[in-house]
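Biologist: Hi! I'm new to this one, could you walk me through how some helices pack?
Modeller: Happy to, let's bring it up.

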Amino acid sequence: MIRIEKRISNSQNLKSLAKFFSFVIGILISLFFLKFLGIGLIDLIKNIYYDAFGSIYSFTELLIKMVPLLICSIGVSFAFKMKLWNIGSEGQLYIGALASSLIAIYIPLNSHYLMIFLMFLAAFIAGGLWSGLAGFLKVKLNVNEIIVTLLMNYIAILIVDYLVYGPLKDPEGFNFPYSKKFTDIAKLSTFGDTRLHTGIVLAIFLLILYYILMEKSVWGYEVRVIGSNPNAARYAGININKNILIIMILSGGVSALAGFTEVSGVLHRLQHSISPGYGYTAIIIAWLSNQNSIGILFSSLFMALIFLAGDTLQLNYQIPISMVNAFQGILLFTLLTGDFFINHKITMKRRKNA
Amino acid sequence: MLDIIIDTTIRAGTPILYATIGAIIMEKSGIINLGIEGLMLIGALSGFYFTFITNSLLIGFLAAILLSAAAGSIHGILTTYLKANQIVSGLALTMFGTGITAMLGKSMVGENIRGLERINTVKDIPFLSPVLNQDIMVYISILLLLLIHFFLYRTTIGLNLRTVGENPYAADNAGINVHLYRLFAVVIGSGIVGLGGAYLSLVYTPLWIENMSAGRGWIAVALVIFSNWDVRKALIGSYLFGGIAANQLRLQAMGTNIPVQILQSLPYLFTILVLIISSLKNDSTKQNQPESLGNPYDREDRV
C-alpha cells in the first residue's frame with residue numbers, strides 16, 4: 001500500500017537535490033518544446049553559452065539583465081515576507097521609469113549627482129505611492145491586493161504608452177514611440193567599455209539593505225510574524241495595518257527603482273515596452289528563493305540567463321520573446337511538483353494482517 | 001444607436017461571462033485560479049487552430065474546451081494532490097499560457113477563418129432585435145449559467161462540491177473525496193474558461209492575435225468577487241464590462257479627443273472601482289466567499 005506522509009524534518013541536501021532535479025526536468029521539457037519547433041538543440045545551447053559567457057563583455061550583458069530582475073525581486077520579497085501578494089512589480093517599474101524620465105526631461109540641472117539623486121528619489125516616491133494605493137485599499141476596505149496590483153500593471157503601461165505616443169514623443173524621433181534622449185547628466189555612468197552601469201551597485205546595496213532589514217532587524221522579525229501568524233502578531237501588539245502600508249510602499253518604491261536604472265542606465269529615454277516582463281519574473285524569483293537574500297541574487301542571475309536565451313532565440317531563430325514566459329511557467333510547474341517531494345515522503349508499506 | 005450599444009455589449013460581455021462562470025465553479029470548490037488569463041489564451045488559440053485546419057467551428061470549440069481543461073488540470077493536480085501554493089501555480093499557468101500560445105500561434109497570425117454567424121430571427125424591432133439576433137454561443141452561455149446554478153444548488157454533487165469549498169475536513173468525514181471534487185471543478189471550470197477564449201478568436205474578432213485576451217481573464221477573476229460567487233450576478237458584471245470595453249472601442253472609432261490609451265485603461269479602472277464598491281457593500285457576514293478558499297487540503301492538518 002502506498003502511503004504519503006508529511007516529512008517531519010527535511011535535510012538541506014534533500015531540498016537542494018529535489019530543487020535541482022525539478023530544474024533539470026523543467027529545462028528538458030522546455031527543450032522538448034523547442035525541438036518540436038524544429039530547433040537544433042546543440043547549436044542553440046552553444047549560442048546561448050557564447051552569448052552569456054563567451055567573453056567578459058557578454059557576461060556584463062548578462063549582468064545588465066540581472067539588475068532590474070534583482071531590484072524588482074527585492075521589492076516583491078519585502079511584500080512576500082509578510083505574505084502580501086504584490087504582483088504589480090511590472091507596473092511599478094513603469095511608474096518609476098516614468099517619474100525618473102520626467103525629471104530627466106523637464107528639470108534643467110547641471111550637476112550629474114543631483115540629477116541622478118532626484119531621478120532616484122522621484123522613482124521611489126512615485127512607485128511607493130502607486131503601490132501604496134493598493135496597500136491603502138487593502139487596509140481600509142480589505143480589497144484583494146492581488147487583483148488590484150495586477151490591474152494597475154495594465155494601467156501603468158497604458159499611461160507610459162499614452163505619454164510616449166503623445167506629449168512626450170520625440171519630435172525628431174521619426175514617429176517612434178519614445179521620448180527624446182536624456183542628456184549625459186541624466187545617464188548612469190558605465191564600467192569601462194561595457195554597457196554595464198552603476199545600477200548594479202544600487203541593486204547590490206538594496207540587497208544588503210534587504211538582508212539587514214528583513215533578516216537581521218527586529219522589525220523584519222515582526223514582518224515575518226505578521227506573515228506567518230497574523231493572530232500571534234496581533235496578540236503581541238504589532239500594528240498590522242501600519243506595517244501593511246509601510247511594506248506596500250517599500251515594495252513598490254524599490255520595484256520602481258528598476259525602472260529608474262533601466263531608463264537612466266540602459267535605454268537613456270522613456271519608451272514603449274521598457275520591460276519584457278521583469279516584474280512578473282520577480283514574483284517567481286521571490287518565491288523560488290524563499291525570499292532569502294543569497295537565493296534572490298542567484299535566482300536573479302539564473303532568470304537573467306533565461307532572458308538572454310530568449311534574446312538569442314529571437315535573434316537567431318525568430319521565436320517571439322514571450323516564449324520566455326512559457327519556460328518560466330514550465331519551470332514553476334516542475335518546481336512546485338518538486339516541492340511536494342521535499343515536504344512529503346512516499347512509503348510503500350505491506351498492509352498488516354488483520 | 002441604443003440597439004448598437006446593446007448589441008456590442010452582449011458580444012463583448014460573453015467571453016468574460018464564460019471566464020467568470022468557469023472561475024466561480026473552481027472557487028466554489030475552494031481553489032483560486034489566477035491562470036484564467038492563460039487558459040483563455042489557450043482556448044482562443046486551440047479554437048482558432050482547429051477551426052483553421054478542419055474548417056469546422058464545432059471542432060474548434062470542442063478543441064478549446066478540451067485543451068484548456070487539459071492545461072487547467074495541471075493547476076488542478078498541483079493544488080490538490082500535490083498541495084502546491086494556489087497563487088504561484090495559477091500565475092505559472094498564466095505565464096505558461098501566454099508564452100506557449102505566442103510561440104505556437106505564430107503561424108496563425110494573419111490567417112482568416114469564417115467566424116460564427118448570427119441567427120437572424122427578427123428584423124428591426126428596437127431592443128428586441130439586438131437581443132434575439134445574436135450567435136448561438138451567446139445563448140449557450142446563458143443556458144450554461146442557469147445549468148451551473150441548478151447544478152450547484154439543486155444537485156447532490158453540487159452540494160458536495162460546495163461543502164468541499166466551505167469545509168473540506170467535514171466533507172472528508174462525510175466520505176467525500178475532497179481532492180477529486182476539487183480537481184473535477186478545476187477541469188470543468190477551465191474548459192468553460194477556454195470557451196470564453198474561443199469566443200474571442202472564433203466569434204468576436206475572428207482572428208488569432210498574440211495575447212488577444214488582453215487582461216479579460218484578470219477582469220473575470222475580479223468579477224468573481226463582484227458577483228459574490230453567484231453565477232447569476234456574473235451576468236450583470238460581465239455585460240457591464242462588455243459595455244465599457246466595447247463602447248470605449250466605439251468612442252475610439254468615432255475619433256474623440258480622448259487619447260486611445262486612456263480609453264483602453266477604462267475597463268481596468270472600472271474593475272478596481274467595482275472591487276472597492278463590492279467590498280464596501282459586502283460586510284463580511286453577508287459574503288458568500290467559500291470558507292476555505294485558497295487553502296490546500298491535507299488530511300494530516302486536521303485539528
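Biologist: At roughly what angle do the axes of α3(B) and α9(B) cross?
Modeller: At roughly 140°, and the axes come within 7 Å. Axes here are lines fitted to C-alpha atoms, over the stretch in contact for helices, with angles from 0 to 180 degrees between N-to-C directions. This is a predicted model, where local features need pLDDT of at least 70, side-chain atom pairs count only at pLDDT 80 or more, and totals for chains, interfaces and linings use all residues. Residues are numbered from 1 along each chain as its sequence is written, chains are lettered from A and ligands numbered from 1 in the order written, and side-chain values use heavy atoms, leaving out hydrogens and water.

Biologist: What do you call that arrangement of α3(B) and α9(B)?
Modeller: The two are oblique to each other. Angles under 35 degrees count as roughly parallel, over 145 as roughly antiparallel, 65 to 115 as roughly perpendicular, and the rest as oblique.

Biologist: Which residues meet there?
Modeller: Among them are Gly60(B), Ala64(B) and Ser68(B) in α3(B), and Val187(B), Gly191(B) and Leu195(B) in α9(B). Contact means heavy atoms within 4.5 Å. By class, that contact has 14 nonpolar, 9 polar and no charged residues. Ala, Val, Leu, Ile, Met, Phe, Trp, Tyr, Cys and Pro count as nonpolar, Asp, Glu, Lys and Arg as charged, and the others, including Gly, as polar.

Biologist: What caps the N-terminal end of α3(B)?
Modeller: Ser56(B), with a side-chain oxygen 3.3 Å from the backbone nitrogen of Leu58(B).

Biologist: New topic: how do α11(B) and α12(B) pack?
Modeller: Their angle is about 165°, with the axes 9 Å apart. That makes α11(B) roughly antiparallel to α12(B). Phe241(B) of α11(B) and Phe270(B) of α12(B) are among the contact residues, which divide into 11 nonpolar, 4 polar and no charged.

Biologist: And in chain A, how do α7(A) and α8(A) cross?
Modeller: At roughly 65°, with axes coming within 5 Å. Glu215(A) in α7(A) and Arg224(A) in α8(A) are among the residues that meet, and by class there are 5 nonpolar, 1 polar and 3 charged.

Technical notes: A polar contact is a pair of N or O atoms within 3.5 Å; within protein, one must be able to donate a hydrogen and the other to accept it, and residues adjacent in sequence count only if both atoms are side-chain atoms. Helices (H or I, at least four residues) and strands (E, at least two) are DSSP runs, numbered from the N terminus.
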